[in-house]
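Biologist: Please take a close look at the ligand site and describe, in one connected account, what surrounds the ligand.

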Amino acid sequence: MSTTADTYANAFTQMLGIELPVICGAMYPCSNAELVAAASEAGGIGIVQPISLTYVFGYDYREGLRRIRELTAKPIGVNMLVEGSNATYRKRLEEWMDVSLDEGVRFFVTALGNPRWVVDLAKQVDGVVFHDVTNVKHAQKALDNGVDGFICVNNRAGGHAGEFTPQQLFDEIAPLGKPTVCAGGVGGHEHLREALDIGYLGVQLGTRFIASKEASVHDDYKDAILAAKATDIVLTDKISGVPVAVINTPYVERMGLKAGWLAKKMLRGRKTKHWMRTYYAIMSAIKLKKANHRGSGYGDFFQAGKSVESIDEVLSVADIFAELCPQ
Ligand SMILES: Cc1cc2nc3c(=O)[nH]c(=O)nc-3n(C[C@H](O)[C@H](O)[C@H](O)COP(=O)(O)O)c2cc1C
């Protein structure tokens with residue numbers, strides 16, 4: 001008799017040694033250890049966000065990975081935001097990479113910069129590296145630097161959204177000949193089916209998993225996702241200097257969606273752009289950590305993608321998987 005894993009088995013699930021082609025994407029500041037573990041335990045793969053694990057949830061990095069290991073023996077992945085402008089941050093990233101490999105992690109999702117050094121280390125242990133991309137130019141660069149596949153972030157995604165539809169992005173990136181995963185807008189089985197029909201080998205979800213029982217964000221955040229429609233999602237460049245999808249709340253409206261002229265000027269300069277991004281990163285880290293974990297009253301600043309439209313119940317991660325991947 002065939003199993004659910006047989007129904008969904010493909011080159012991507014085989015590459016990662018998982019049962020279902022579903023990634024619970026890394027989320028700053030929402031990726032708590034229990035959420036990551038539950039996604040892997042359900043047959044997909046949970047991705048650790050190292051800054052969340054350490055700064056938001058207070059773990060020593062190795063202890064955090066071990067906490068996840070207590071909850072599941074199945075494969076997990078780690079997110080490496082390889083923006084390499086700051087020496088202290090780069091050193092921290094290298095430490096996280098070493099510990100991850102040491103603790104048996106073999107799947108890495110890189111984003112924002114050149115993934116070469118992560119690829120070089122991962123390859124020494126037959127690891128797999130997928131890079132987050134929003135266009136073919138970045139995908140080609142990542143391919144030249146040795147990545148094994150692409151997470152194609154479309155214009156429906158939560159977090160840093162892309163510009164293209166899932167179909168447009170697939171048409172641009174599939175010719176590079178590597179496995180592709182669709183990130184953005186997937187809230188249930190119908191969306192997963194659409195992505196697989198386009199030719200993607202898997203999906204990466206963020207927003208759907210925030211509205212799960214295992215996510216430890218404040219209930220106000222989960223309620224905001226249940227209440228929101230796709231039309232409530234707006235892009236703001238006030239978090240990191242590049243467009244981030246958030247739910248349009250009175251707080252967001254008051255704050256405005258566009259970076260001011262000075263910030264914009266600095267974001268264009270070769271050197272000042274790094275200072276500006278660091279400033280944004282620190283400010284948003286503090287703001288998001290407060291808003292997402294203390295709820296309303298701390299500024300209703302909730303990152304989410306357009307899949308909110310199809311999310312109307314807080315479910316356990318196992319139930320989300322059962323709905324996503326029926327037999
Ligand atoms: C709150 C939030 C935080 C995110 N943080 C990160 C991150 O730190 N690193 C990353 O590579 N992607 C991040 N993402 C993107 C997700 O991993 C995933 O690609 C995206 O959420 C998929 O779109 P969806 O929300 O429509 O499912 C984030 C997304 C959200 C919603």
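Modeller: The shell around the ligand holds 24 residues, and the closest are Ala26, Asn79, Gln204, Gly206 and Thr207; a residue is counted as near a molecule if one of its heavy atoms lies within 4 Å of it. This is a predicted model, in which local features need pLDDT of at least 70 and side-chain atom pairs count only at pLDDT 80 or more, while totals for chains, interfaces and linings use all residues. Residues are numbered from 1 along each chain as its sequence is written, and side-chain values use heavy atoms, with hydrogens and water left out.

By type, the residues of this shell divide into 10 nonpolar, 12 polar and two charged, where Ala, Val, Leu, Ile, Met, Phe, Trp, Tyr, Cys and Pro count as nonpolar, Asp, Glu, Lys and Arg as charged, and the others, Gly among them, as polar. At least two shell residues come from each of strand E3 (77–81), strand E9 (202–205) and helix H11 (207–210), these elements being DSSP runs numbered from the N terminus (helices H or I, at least four residues; strands E, at least two).

Turning to polar contacts (pairs of N or O atoms within 3.5 Å), an oxygen atom of the ligand lies 2.8 Å from a polar backbone atom of Ala26, and a ligand oxygen is 3.1 Å from an N or O atom in the side chain of Asp132. For Gly158, a polar backbone atom is 3.2 Å from an oxygen atom of the ligand. Of the 600 Å² that the ligand exposes when taken alone, the protein buries 93%, with accessible areas computed by the Shrake-Rupley method with a 1.4 Å probe.

Definitions and conventions
A polar contact is a pair of N or O atoms within 3.5 Å; within protein, one must be able to donate a hydrogen and the other to accept it, and residues adjacent in sequence count only if both atoms are side-chain atoms.
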